[in-house]
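Look at the structure, then read on.

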Amino acid sequence: MDHLFAGKKYGFSVNPTDYGKDPPVSLPRNIENRIHGKRYYTGNTCSLHDEPLIGIWSSYQKWQRSPGCPYCDLYYACYKRAVSLESSELPLRYRPKTLESFVVKEEGQFLALEKARQFLDGYFPTGMIWIGGVGTGKSHLAAGIIREWIETKGKSALYTTASNAIEMAKSTFNGNREWSSNQVDSKFLTPSLLVIDEVGIGYQTEFEYLTLSKICLRRFDQCRATILISNLVLNELAKLVGERVIDRFREDGDLFPFNWASWRGRPMIEEEGENDYAERTEVESTDCELATCQ
């Protein structure tokens, strides 16, 4: 199939081989990375941005991309990420949180941040269990992971509290129920990442045990990552979600204690660049090297 014939077949107004030049505007990197082939122009411009409509044609792989405006594509990509973040049900308070804004002042916080980054790099496919007191930054880190999961990986994520998941499961028993049992199961099983916060806030009844353990075990069977966040100690958490759930997180997940004091109410200055602990560690290692050389 020659280019001219392919152009007529797919409705191109020009021969793609005659317009295999670089466009006058630079494409955004995320769009450039996913495009392989020769660019061509249709002679038309975007009515919104007044930029040439650019199409892509690959003579080797025999595929084509319909002409479009790179700025409209970028807007759509940003809109899609915003919609995905909205559908994650992450509370408004946590949506601005990122991994970069997590303040690190001591070794435990540094390790927690490293665990979060390792998880995003593909470690701990089962997920993670974070336990510790209030105000230690567990929800902050979880929000940062959700943002990276959606914006960088392009995958789905869902945030919920344990009490909300239990209330939804209970609502399936009502006469005028809005959710069926299958809908609730699908809601918590479908996202590739599920964050369950505030595990242990409640009466810790048998129904809570059955609901949380069912969610976690089904997600484990489907190879979907789950993050559990709780203020309980590990033994108390095992009684609530089941020892089987804890044991599965030990297989290829991670259990990490946030065992430092609450940072709420403390004056903190978030500076750009490396965190204080990382800088201090780097300085100490440099001093050791100098001392060794002397």
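The questions and answers below set values against definitions.

Q: What kind of model is this, and how are its residues numbered?
A: The model is predicted: local features need pLDDT of at least 70, side-chain atom pairs count only at pLDDT 80 or more, and totals for chains, interfaces and linings use all residues. Residues are numbered from 1 along each chain as its sequence is written, and side-chain values use heavy atoms, with hydrogens and water left out.

Q: Why are Val245, Ile246 and Phe249 of helix H10 called buried?
A: Buried means under 20% relative accessible area, exposed over 50%, partly exposed in between (1.4 Å probe, protein chains only). Val245, Ile246 and Phe249 in H10 (residues 243-252) are buried, so each falls under 20%.

Q: Why do the buried residues of H10 line one face of the helix?
A: Seen down the axis of H10, they fall within an arc of 100°, so they share one face. The arc is taken from the directions from the helix axis to the C-beta atoms. The face turned away from the buried side carries exposed Arg244 and Glu251.

Q: What do the buried residues of H10 pack against?
A: They pack against strand S4 (127-132), helix H8 (206-221), S7, helix H9 (234-241) and strand S8 (254-258). Contact here means heavy atoms within 4.5 Å.

Methods. Helices (H or I, at least four residues) and strands (E, at least two) are DSSP runs, numbered from the N terminus.
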